[in-house]
Structure formats: C-alpha cells, structure tokens
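Student: Could we go through this chain together, one question at a time?
Tutor: Gladly! Here it is.

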Amino acid sequence: MNNRTSTERIMAERNGCCPTPPHTEAAIPRRTGTGMRVLALAALTVVGLAGALVAGTLPRLRQMRELDTATAEIVARPARVTVATARRASADAARVLPGNTLPLLEAAIYARTTGYVKRRLVDIGDRVQEGELLAEIATPEVDAQLEQARATLLQTKANLVRNKADEVFARSEENRYRQMVRTGAASQEEYESKLASSRVATATVQATAATIKVNEADILRLSTLQSFEKVIAPFAGVITARNIDPGDLITADSPSTGRQMFRLMRTDILRVFVDVPQVFATTIHRSQYAVVYRREEPDRPFTGTVTRTADALDSATRTLRTEVQVENPDNALRPGMYLQVKFTFNQKTAPILVPSAAVVTRTKGPKVGVLDDRRKIHYRPVQLGRDYGAEVEVVAGLKYGETVVVRPGDDLPEDSTVEPVPSPK
C-alpha cells in the first residue's frame, strides 16, 4: 500500500498537481481538539487574572477608606502647637557691655627751650618716677643770654649807686640855694634850677631801681628756660613713645610743628569707658561696682568702680557715657584694650520674658499669640524691650504667667482652637 501511494504521488507531481495528503480525515479531528485546549487555558488565565485583580484591589480600597477616615479625624482634631509660659526676669540683671581702656593720666612731653639734645636717659617701655630725668638739652644761646642779663644787672646796680650820689649832691645844692635866696645872695631863678636838678636826680634813681627789677625778671626768665634743659617726668608712669636722639634740634613753644619728645602714661590705674544703654542708664551711680575682664581670659576678673558719668545720653546712640576705674598694679591690663564690663542692675520692676519665636511681626507691629481658657489663640500687640537671642523682653501688652504660642505661623488665624504642647526646657 505504501508503494501504491508513493507511485501515485510521483505521478501527480509529474502531472503538475498536488495529491491529496494522506490521512486527511484523521488530521482534521486532531487539530480541532488542540484548539479547544487552548481556549480552555485562555479562559482559566482570564479567570485567574480577574481573581488576582479582585484580591489586590479590595484591600487597597479598604486601606484608602481607612486613610480617608484618619485624615478626616486629623483635620477635625485641633492643631498641636508648642506653648510656653511668660516668665518674669530676675530683678538683679547682669549685663556685659564692651568698654574701651585709657590710662589714668597721659602726657605728650615737648621741649620748653630751644637747643640740641645732649642725651636721653629713657626709651619706650621704661617705667619712670615723678621728677625723674628723661633727657638733657644743650642751649648755649640761652646760657649766653643769661650771663649777659646778669652783667647788665650788675651794671644797673652800679648806675644806681652813682645816681643816688648825684641825687644827694642835687638835694644839697637845692638846700644851699634856698638859704641864699632868703639872704639875697642868689636869685629865685637859680634856686628853681637847682630844685629841678634835684628832682631829676631823684627820678633817675627811681628809673634805675626799676631797671634793676626788669633785669632781675629777665634773669629769672632765662634761668627758667635754662632749667628746661633738663626734661623731667611730670608723674610716674611708662614711656610709650620716644621721638628724639642725641644731636636732634629741638624747637620750643611749637607743639603743632615741633617734635614730640616723649609720651608718658600712668597705667597702675586704668579708665574704662562704657556706653550704657538707655534702659539701664538710670540705674548707674557713682561708687557702683563692676567686674572687668578680657574676652580672652574670662576667668580672670578685675574689680572696678564707677567714678563718673556724663549725666546726659548721647542723642545719636541713646547711651550714657560711663567711666569705670580699675586697679592695675601688675600691668595685666594695657591701655587701648577692648574689655568686657559686667554690671549688675537692680531693677524695680522686672520685665516679662518670652521665647523670641513667640513674637510674630504684623503690619501693625509685633504681636504674641496668647491662649485663653478655652484653648483659643488670640494675637495681642506687645511692646518689646531688649532682645537676648533666645528670649526677648515684653515691656507692655503681656502679663506674667500667661501662655503664649511658640512659632504660631500664618496657618493659625485668630480664635483658632489648638492643642497645646509644653515647650521642652
């Protein structure tokens, strides 16, 4: 049978036609069974995907409903805000203010006589005592003028002796001619001539005596200038500047154009000037104690005393110029230093302090959110004092013990009900 089939197939190919495939009747039923299985598998897949979709969607829908319910509860719940209690500051408030240091005494030493520097005995950093010799100035011209004045004085005194003798002779002549006029031995004109000569002699004696005083005054002036050849310290202190050397020409009585010889400072007591703000200006008084220290060494304080104030505030800065004197025996502090001065002020009425974050700025000025008994927020205008960084003073508009909202923000309008949360310490 196979040979017959093969022969028929060959003959068909030769004749140009395709033979009928073998087993055609059997193949058709087999292809129909495979399609049914594919359809069944597809249906099962669709059913499985639908079940998985339903199984994943239902919990998600349930979760969304729960989330919407929780969101609604949160929206309905009052906002949680941080609150703080307005507290009263201590009546004894310590404030640290910056101060500028100056010496107790300071002098710029100039020459009072003209000459050349003969020698100098001190330099910068040297400590001197009152009356100690600092330098010497050679003044040959002043020395010569002094000798000339003394010689002139001697000459004038000699002239005074001669003039006094002339006065005695003139008076005797005047007395003799007075007698001769009485007896008629001399005329009245001759007597008057002798009288005038006597008066001239007396005036000459007086003029010579006055000249002697002038000469003595000139000698005193030149002696004083000669004493200025020795430059001495007017007070005890330290030399902070030296601008001369031996041989330098020194011109007297010209501080604007002349050379400053030395600068002397007294540093055993220092003056610290502090600008006290207006809020504490009325609490500053003389003999008040203050603590002075360097910012680099806060653990080494120095005790100071308020010696004087300006008694008037600077209109530009609204501060009171205050002087504090500090003992400085070991020279631990230096003039020109920037020091910290700590005052303890005793205020009659202690201010209210609130956190700085509780103050909100509005168009009508600063305000503070205050909670009432029903936990509703009310924005109250306040007047602020000093700002200490984390806290700020409230001068007016708030009472001690009231509850304020910290960082209320813009989403809390007036009369909002909130849930207070105490601020952490």
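**A loop residue and its surroundings**

Student: Where in the chain is Asn-328 placed?
Tutor: Helices (H or I, at least four residues) and strands (E, at least two) are DSSP runs, numbered from the N terminus. With that numbering, the place of Asn-328 is in the loop between β13 and β14.

Student: What should I know about the model itself?
Tutor: This is a predicted model, in which local features need pLDDT of at least 70 and side-chain atom pairs count only at pLDDT 80 or more, while totals for chains, interfaces and linings use all residues. Residues are numbered from 1 along each chain as its sequence is written, and side-chain values use heavy atoms, with hydrogens and water left out.

Student: Is Asn-328 buried or exposed?
Tutor: Buried means under 20% relative accessible area, exposed over 50%, and partly exposed in between (1.4 Å probe, protein chains only). Asn-328 has 2% relative accessibility, so the residue counts as buried.

Student: Which residues does Asn-328 touch, not counting those up to four places away in sequence?
Tutor: Contact means heavy atoms within 4.5 Å. With sequence neighbours up to four places away not counted, the residues that Asn-328 touches are Thr-267, Asp-268, Ile-269, Leu-270 and Leu-333.

Student: Which residues have the most contacts inside the largest nonpolar core?
Tutor: A nonpolar core is a set of buried Ala, Val, Leu, Ile, Met, Phe, Trp, Tyr and Cys residues joined through side-chain atoms within 4.5 Å. The largest one has 21 residues. Elements giving two or more residues to this core are β10 (262-277), α5 (278-281), β11 (289-294), β12 (297-313), β13 (319-327) and β14 (338-346). Inside the core, the most contacts belong to Val-276, Val-324 and Phe-343.

Student: Which residues are in contact with Val-324, leaving aside neighbours within four places in sequence?
Tutor: Leu-270 is one of them, and Leu-270 is also touched by Asn-328.

Student: How many residues are in the second, separate core?
Tutor: Its members include Ile-109, Ala-111, Leu-134 and Leu-264. The count for this second core is 18 residues.

**Charged pairs**

Student: How many salt bridges are there?
Tutor: A salt bridge is a side-chain nitrogen of Lys or Arg within 4 Å of a carboxyl oxygen of Asp or Glu. One network of them links Arg-120, Asp-123, Arg-242 and Asp-245. By this rule, the count is 23.

Student: How many residues apart are Arg-87 and Glu-391?
Tutor: Their side chains meet in a salt bridge (2.7 Å, N to O). Arg-87 is partly exposed, with a relative accessible area of 37%, and Glu-391 is partly exposed at 25%. Arg-87 lies in strand β2 (residues 87-88) and Glu-391 in strand β20 (residues 391-396), so the pair links distant parts of the chain, 304 residues apart.

Student: Which residue meets Arg-300 in a salt bridge?
Tutor: Arg-300 is in strand β12, and its partner is 30 residues away in the loop between β13 and β14. At 36% relative accessibility, Arg-300 counts as partly exposed. The N to O distance is 3.0 Å, and the partner is Asp-330.
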